[in-house]
Amino acid sequence: DAGVIQSPRHEVTEMGQEVTLRCKPISGHNSLFWYRQTMMRGLELLIYFNNNVPIDDSGMPEDRFSAKMPNASFSTLKIQPSEPRDSAVYFCASSLSRGGTDTQYFGPGTRLTVL
Amino acid sequence: EDQVTQSPEALRLQEGESSSLNCSYTVSGLRGLFWYRQDPGKGPEFLFTLYSAGEEKEKERLKATLTKKESFLHITAPKPEDSATYLCAGAEGGGNKLTFGTGTQLKVEL
């Protein structure tokens with residue numbers, strides 16, 4: 001079975017450019033999560049969706065970050081404009097939410113470098 | 001504020017040398033305690049979920065246990081392929097928000 005798919009796997013961009021990260025959750029899952037991982041802060045939740053609706057975006061660092069989920073099989077995380085401090089690995093995870101505590105399955109991540 | 005603290009930060013073991021990793025948490029209304037394994041350049045891979053104090057789960061050389069304030073991941077007779085970073089996370093009241101610890105980097109040597 002296909003797991004969570006993320007693209008691109010690596011992105012190198014210059015400060016000020018727009019960056020779009022993409023995620024395809026596991027088929028049938030109805031919750032989707034975006035995380036950021038850095039050496040200093042570890043793994044942090046940015047935003048999560050349930051049934052394509054954003055539920056909690058309190059982890060989004062600032063207005064430069066935005067996320068969308070136009071349908072059940074696709075989500076994007078956009079950074080505009082990007083800054084060097086945004087350099088990190090960004091993970092997407094999905095789960096089948098049944099109203100309890102659900103296991104999240106992670107994608108391989110996108111390593112973002114902003115020069 | 002929900003917090004999850006893991007210790008030690010790094011651990012080096014000889015093959016066959018058993019040990020334990022610790023995860024202490026202060027998560028309001030804890031709904032579950034998760035353990036993940038992360039290999040370099042990859043996403044976290046799910047290992048276990050524990051829901052209540054006293055619960056234990058096992059998988060090959062790994063056993064996870066849970067008390068009211070902490071969880072342990074016991075590694076029995078580890079092999080080099082067990083080398084990875086082990087992450088624990090607490091699920092708060094709603095069940096969907098995970099607060100992760102910063103992980104224990106385990107290296108098992110021959």
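# Close-up views of a predicted two-chain model

**View 1. The interface between chain A and chain B.** About 1600 Å² of area is buried between chain A and chain B, and carbon and sulfur atoms give 50% of this. In chain A, the residues that lose the most area to chain B are Leu43(A), Thr101(A) and Phe106(A). Together they account for 33% of what that side buries. Chain A brings 23 residues to the contact, and chain B brings 20 residues. The model is predicted.

View 2. Asp56(A) pairs with Lys97(B) in a salt bridge. Their closest N and O atoms are 3.0 Å apart. Three residue pairs are in polar contact between chain A and chain B, counting pairs with both residues at pLDDT 80 or more.

**View 3. The side of chain A that touches chain B.** Strands S4, S5, S9 and S10 (105–106) of chain A each supply at least two residues of this side. Which element gives the most to it? S4(A) does, with four residues. By class, the side of chain A that touches chain B has nine nonpolar, 11 polar and three charged residues.

**View 4. The largest pocket.** This pocket has a volume of about 900 Å³. Its lining holds 32 residues. Closest to the centre of the largest pocket are Gln37(A) and Met39(A) from chain A, with Gln38(B), Thr85(B) and Gln105(B) from chain B. Several strands give two or more residues to the lining. In chain A they are S4 (31–38), S9 (88–95) and S11 (110–114). In chain B they are S9 (84–91) and S11 (104–109). The largest share of the lining of the largest pocket is four residues, and S11(B) provides it. By class, the lining of the largest pocket has 11 nonpolar, 15 polar and six charged residues.

**View 5. The second largest pocket.** The space in this pocket is about 670 Å³. Which residues lie closest to its centre? Of the 24 residues that line the second largest pocket, they are Leu43(A), Glu44(A), Glu1(B), Asp2(B) and Thr99(B). Strand S5 (42–50) of chain A gives at least two residues to the lining of the second largest pocket, as do strands S1 (3–7) and S10 (98–100) of chain B. S5(A) gives the most, with five residues. The lining of the second largest pocket divides into eight nonpolar, seven polar and nine charged residues.

**View 6. A salt bridge within chain A.** Over all chains, the count of salt bridges comes to 14. Among them is the pair Glu18(A) and Lys78(A), at 3.8 Å from N to O. This pair links distant parts of the chain, 60 residues apart. Glu18(A) sits in the loop between strand S2 (10–13) and strand S3 (19–24). Lys78(A) is in strand S8 (residues 74–79).

**View 7. Backbone details in the loops of chain A.** Most residues other than glycine have a negative phi, and most peptide bonds are trans. The peptide bond from Ser7(A) to Pro8(A) is cis, with omega near -10°. Pro8(A) lies in the loop between strand S1 (5–7) and S2 of chain A. A cis bond also runs from Gln80(A) to Pro81(A), with omega near -5°. The loop between S8 and S9 of chain A holds Pro81(A). Is phi of Asn51(A) positive or negative? Phi of Asn51(A) is positive, near 50°, in a residue other than glycine. Asn51(A) is in the loop between S5 and strand S6 (53–56) of chain A.

Methods: Residues numbered from 1 in each chain as written. Chains lettered and ligands numbered in written order. Predicted model: local features only at pLDDT ≥ 70, side-chain atom pairs only at ≥ 80, totals over all residues. Heavy atoms only, no water. 1 Å grid on protein atoms, 1.4 Å probe; cavity = no way out; pocket = protein on both sides within 12 Å on 5 of 7 lines; lining within 4 Å. Points joined across faces, edges and corners; volume = space filled by probe spheres on them. Nonpolar A, V, L, I, M, F, W, Y, C, P; charged D, E, K, R; others polar. Contact = heavy atoms within 4.5 Å. Buried area = accessible area lost by both parts, 1.4 Å probe. Salt bridge = Lys/Arg side-chain N within 4 Å of Asp/Glu carboxyl O. Polar contact = N/O pair within 3.5 Å; in protein donor to acceptor, adjacent residues only side chain to side chain.
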